[in-house]
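This report walks through one protein model, section by section. Please keep the sequence and the 3D view at hand while reading.

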Amino acid sequence: MKYCKNCGKELADGAVLCTGCGCATDDFYAQSNKQNTTTRAGEMSLMALLGFIFSFISSLVGLILSCIAYKTAVAENDEKSKTYSKAGIIISSVVLGISVLSGLIGGIIYGISLAAMIGGTVGGSVII
């Protein structure tokens, strides 16, 4: 026979809650963990999927969602979600890097063109 760890009342076999104080028993936690593992088998986190999809649409949002999903997947030991999260992080990072580089190059070209149009100097040389 089992007894409640909180109040000491005798518990029926398989009881998940104590009838005396309402405290959860070890069977409750075992049953809850068993349900979590069976429902998670083969499923992928929605956050991981959204992070992967948004990495193509909006790389900053994709990066944030993928990082959150990866942290959750590591905690839950969910390999499928970890894989999609890693892919989302990599794709988002590459797209963000390309965006920053193209912005810098475009800005430099724009600055040189503007200087040439107003007759300024570039690198100490007079542009005609």
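## The start and length of helix H2

At the start of H2, a side-chain oxygen of Ser45 comes to within 3.2 Å of the backbone nitrogen of Met47. This distance, like every value in this report, was computed from a predicted model.

Helix H2 covers residues 46-57, and at 1.5 Å a residue its 12 residues should span 16 Å, which agrees with its end C-alpha atoms being 16 Å apart.

## The overall layout

The protein contains four helices and four strands, and when these are read along the sequence they follow the pattern β-β-α-α-α-α-β-β. Of its 128 residues, 18% count as buried. Among the contacts between residues at least 6 apart in sequence, 33% join residues that are at least 24 apart.

Which residues of H2 are buried? They are Ala48, Gly51 and Ser55.

The face of H2 turned away from the buried side carries the exposed residues Leu46, Phe56 and Ile57.

## A cluster of aromatic rings

The structure holds two aromatic pairs. In the pair formed by Phe52 and Phe56, the ring centres are 5.4 Å apart and the planes stand at 85 degrees, so the pair counts as edge-to-face. Because Phe52 and Phe56 are four residues apart in helix H2, about one helical turn separates them. Phe52 is partly exposed, with a relative accessibility of 23%, whereas Phe56 has a relative accessibility of 56% and counts as exposed.

Phe52 also pairs with Tyr84, and here the ring centres are 5.4 Å apart with the planes at 85 degrees, so this pair is edge-to-face. Since Phe52 lies in helix H2 and Tyr84 in helix H4, the pair ties together parts that are 32 residues apart in sequence. Tyr84 itself is partly exposed, at 29% relative accessibility. Through these ring pairs, Phe52, Phe56 and Tyr84 are linked into a cluster.

## Helix H3 and its buried face

Helix H3 has 18 residues, and from its first C-alpha to its last it reaches 25 Å, which is close to the 26 Å expected at 1.5 Å a residue. Its buried residues are Ser59, Gly62, Leu65, Ser66, Ala69 and Ala73. When the helix is seen down its axis, these buried residues of H3 fall within an arc of 125 degrees, so they line one face of the helix.

The buried residues of H3 pack against H2 and H4, while the face turned away from them carries the exposed residues Lys71 and Ala75. After H3 comes Asn77, whose phi is positive, near 55 degrees.

Ser59 belongs to helix H3, which covers residues 59-76. Why does Ser59 count as buried? Its relative accessible area is 11%, and a residue counts as buried when this value is under 20%. If its neighbours within four places in sequence are left aside, Ser59 is in contact with Phe54, Ser92, Val95 and Leu96.

Ser85 lies in helix H4 and is also buried, with a relative accessibility of 0%. The side chain of Ser85 reaches the backbone nitrogen of Tyr70 at a distance of 3.4 Å. With neighbours within four places in sequence again left aside, the residues in contact with Ser85 are Ala48, Ser66, Ala69 and Tyr70.

## Cysteines without a disulfide

A disulfide is a covalent bond that joins the sulfur atoms of two cysteines. How many disulfides does the model contain? When a disulfide is taken to be a pair of cysteine sulfur atoms within 2.5 Å, the count is zero. Cys7 is partly exposed, with a relative accessible area of 41%, and Cys67 is partly exposed with a relative accessible area of 37%.

Note on methods:
Residues are numbered from 1 along each chain as its sequence is written. This is a predicted model: local features need pLDDT of at least 70, side-chain atom pairs count only at pLDDT 80 or more; totals for chains, interfaces and linings use all residues. Side-chain values use heavy atoms; hydrogens and water are left out. Buried means under 20% relative accessible area, exposed over 50%, partly exposed in between (1.4 Å probe, protein chains only). Helices (H or I, at least four residues) and strands (E, at least two) are DSSP runs, numbered from the N terminus. Contact means heavy atoms within 4.5 Å. The expected span of a helix is 1.5 Å times one less than its number of residues. A polar contact is a pair of N or O atoms within 3.5 Å; within protein, one must be able to donate a hydrogen and the other to accept it, and residues adjacent in sequence count only if both atoms are side-chain atoms. Rings of Phe, Tyr and Trp (its six-membered ring) pair if their centres lie within 6.5 Å; planes under 30 degrees apart count as stacked, over 60 as edge-to-face and the rest as tilted. The arc is that of the directions from the helix axis to the C-beta atoms.
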